[in-house]
Structures are given as structure tokens and as C-alpha cells.
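Subject: Structure for you to look at

Hello,

Here is the structure that I said I would pass on. Please open it first and keep it beside this email while you read.

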Amino acid sequence: MPRVIVLAGTRKGCFLLESDGDRRDWSVRGPFCENWPVYHAIHDDGMLYAAAASEWHGAGVWRSGDFGETWELSSEGLKYENGDLKLSKISGLRAGHGRLLAGAEAAGVFESRDGARTWTLLSTLDGLPGRDDWNDPSKQPPGHLGMPGLLAHPDDPDRFWVVVQGYGIFETTDAGDTWTPRNRGLRADWPLDDPEVGYCVHKLVMAPDRERLYQQNHCGVHRSDDAGQSWTEITEGLPSDFGFAAVAHPHDRDGFYVIPLDAGHGRVMPDGHAAVWRTRDAGNSWQRLDRGLPHEGAHLGVLREGLATDGLDEPGIYFGTSTGQVFASADEGETWSEIAGYLPGVASVEVAVVG
Amino acid sequence: MADIHLPPTLPPLFPGLPRQLELEAATVDEAIESLDERWPGLRDRLCEPGPALRPHINVFADQERAALDSAITTTSRVDVIAAISGG
């Protein structure tokens, strides 16, 4: 029977929640990574990686080759050597094709080919529309605009998509040498200087057919049937067009999950009623999944990397909240239980299935 | 030799790194370079490109606020302090 390990990246380190293939009983280990804030923790081929940033000591990636027993930190190469760009954190990680990709703030994508020991800057998307503005402090919101989203094509190592906060999706098919904006059809509820960019993509995911993409945007939920070349909004039927987290069903191209949140300052689940929403028909209709979740008084927020699946035959779905709960479903979201209740605020949830 | 005191957040990152040690250096930058030679990567935990001390890292040489180019002597006490911040 496999081990199922949920990696929870939190404001105070990484935690590992472990069960077997039944996914009923869970144990919690941690905190790891010296309690550094962890923005995204992932698993790849027996290794755990946690992107972290300390206010004192800067950004880095923690790595563990023994499922959390020991950890090492490395940031060699994770810096902008020249110019005005400053690397304040690593926002997202993706593994594949024997390589790790890291999205940074300020926006840039780094690559490691030695298991996060050393890193090389692939691109800061120079020359792309919006590039100068997203690095201009006078045009940024509080904080910085970074690159939180990375999506690697499972078949083509040179092809991947990145998300620049507030500007949208860019695709490369030559490992970062050249890029194309992929935002056609998206909605922006604000004026745009250039119709190609200026979209606030919160989470970009790929369906198992490796052609369809879905996204949760600041302005609605959208589907692309041509790998991002054009987008169609599929928000109708959801209680809110706003949210951060999203995950595709691992076996059904028409299956997709989001967690709608109130927009504005709240950014928590509407009416204090915790729920994940699912479509089984590519966004034509939506079902609220809330059996086992609190139906009142649950003002829960979930961030962009906070929703994940384990990819098992009957997929488990997991989400972590900004107030430190982790909920799990072993039946595709039909029923839920809380598997951790008192963690620090959760920034990311990913799942490793081992054995 | 200069008497170097490090914050408690550093030793967990570098096996064998003590909280206090003595070393030869003429400036704060040389002291950090000496530490980085023995514990590779340590410079990046205290400095950012420029180079400059990270914004939340404070260095005091003989109780005076210091920068990377500040001089130290064989009798100096150098305190590296992580700012009181966070929550």
C-alpha cells in the first residue's frame, strides 16, 4: 500500500502529513526548514523541495532526500547579479524532465539540474510587453510583483508557461529564450494599455489530456482548449468570480476544482460556509462539495498553491487554509475531513505518493 | 583576533558553525569572507548583491553600527544581529 504524504508549506516551516492509501488516519511531522516561511513545497522522484524566504537571511530552497528526516538549504545562483532587480523570494517550484524550475520575485525563472543545489537564471522576460512596468516600483502594488505560477509541459522539456502577477501568462517553447503572451479572451476589470497583457492570473493548471488548461483568475474562472492560445470564461454557476486555488482532475479532462472566495478585503469563503466547487463538464455546470466541511462560522482563506490532488485512481483532494487547517477528501471531493487543525497559516499543499 | 558573535538563526544552516568564534580580518567584509570560505553560502545569508548587508541584518563593531567596509582590529568585538522583526 502506498504512503501518501501531504506537504504543507506554512508561514512557520514545512509540515508533512502522512497516511496510507486508505487516507483515513493521518500523522503530522514538523515543523521543518528551521521555521522559515515556506511558499511552495513539492515532491519529485524521492526528493522534497521547499521554496522559502527568511526576512533576515533571504530566499532559498530547502531539500530533503529522506522524506523530511534531514534538510539542507541552498541558494547558490538564486540571485540577480546585476541591475535593479532584487530577489526577495521564490514563489513557486515545478519539477520535470530532470530539472527544477523556480519562479522568483522580482519576476524571473531559474533552473536547477542538480536537485536544487545550484541554480541558473533562465529569463527575466526582457522585451516582453509589460516587462518594464512590472519591475517599476512606482507601478507596483504594495510588495512586489513576482512570478508565482509555473506550468511545465509533461512531454516537452523546452515548453512551459509562467505567470507574472498582474500581467498574465507567457509561454516559451525554447526553454526560455523567447516568450509569447497567452491571455487572449481573459477578462480584466480595469483599463489595459496593451490588450496582450494586464491580466491577473492566480493559478494555471493543465488537464490530463495535456492540451486543455484551466485557470482561476482575479476576474473569473477560465478554460482553454488550445493550450492557452485562447480562453473562454466558465464562471457562471459559481458563488464568486474570485479565488486563488485551482486543481485539475488527474484523470478526467472535464474535471476541475476551485475554491471561490469573497473578493475585496475578505478573501475568505462566502458566508462562512466552507466548500470546494467542482465541474465535471469543463465548466458548463458546477457542484458545491461541502460534506464534512464546516457550514457556518468558517471564514477560511486558501491561497494559490493551497489545493492539490494525489493523483490516485480514486483521486484524493486536499486544501490548506491561511488559518492553519488542512482538509482532505479520499473520494474526489464528495466527503471531507480535517487532517490537521492547528498548523501555522498554510501557503501551499502538494501530495507525494510513495511506493 | 576579532571576536565574532553570530545570531542564533545561522548555526542551524551550517553544520559546525558556532555562535562565537575568533578570526583575522581587517574589515567586516573580510570577516564575512573568511566565514564563507569555511561555511560556503554563509555570505548569501548575510549579504545581498551590491554587495551590502541584508536589510534586516545589523552589524556592530565595538558597539558602533558597521557596514561591510567598516574597519575592525584584532581586539574588536563584532556582533551580527538579526533585526527584531516578524511575528
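Which residue stands opposite A:F170 in β14(A)? The residue is A:V162.

Before the rest, some notes on how to read this. This is a predicted model, in which local features need pLDDT of at least 70, side-chain atom pairs count only at pLDDT 80 or more, and totals for chains, interfaces and linings use all residues. Residues are numbered from 1 along each chain as its sequence is written, chains are lettered from A and ligands numbered from 1 in the order in which they are written, and side-chain values use heavy atoms, with hydrogens and water left out.

Around A:F170

Strand β13 (residues 160–164) of chain A pairs with β14(A) in the antiparallel sense over five bridges. Strands here are DSSP runs of E with at least two residues, numbered from the N terminus, and two of them pair if DSSP finds at least two bridges between them. The two strands β13(A) and β14(A) make a hairpin with three residues between them, and A:G166 in the turn has a positive phi of about 80°. On another strand, β15(A), A:P181 stands opposite A:F170; β14(A) and β15 (residues 180–181) of chain A run antiparallel and are joined by two bridges.

Five of the five residues of β14 (residues 168–172) of chain A are buried, so this strand is largely enclosed by the rest of the structure. Buried means under 20% relative accessible area (1.4 Å probe, protein chains only), exposed is over 50%, and partly exposed is in between. A:F170 also belongs to an aromatic cluster with A:W134 and A:Y167.

Aromatic pairs

Over all chains, a search of the whole structure finds twelve aromatic pairs. Rings of Phe, Tyr and Trp (its six-membered ring) pair if their centres lie within 6.5 Å; planes under 30 degrees apart count as stacked, over 60 as edge-to-face and the rest as tilted.

The pair A:Y214 and A:F256 is stacked, because the ring centres are 4.2 Å apart and the planes are at 10°. The pair links distant parts of the chain, with A:Y214 in strand β17 (residues 213–217) of chain A and A:F256 in strand β21 (residues 256–261) of chain A, 42 residues apart. A:Y214 is buried at a relative accessible area of 0%, and A:F256 is buried at 0%.

A:F319 and A:W336 form an edge-to-face pair, 5.3 Å centre to centre and with 65° between the planes. Both A:F319 and A:W336 are buried.

The sheet with β21

β21(A) sits in an open sheet of four strands in the order β20-β21-β22-β23 (chain A), with antiparallel pairing. The edge strands, β20 (242–248) and β23 (287–289) of chain A, each pair on one side only. Between β21(A) and strand β22 (residues 276–279) of chain A there are three bridges, and A:T279 in β22(A) is the bridge partner of A:F256.

Backbone exceptions

Most residues other than glycine have a negative phi, and most peptide bonds are trans. A:G30 and A:P31 are joined by a cis peptide bond with omega of about 0°, as are B:G50 and B:P51, where omega is about -10°. A:R23, not a glycine, has a positive phi of about 60°, and A:R23 counts as buried at 11% relative accessibility. A:A227 has a positive phi near 55° and counts as buried at 3% relative accessibility.

Regards
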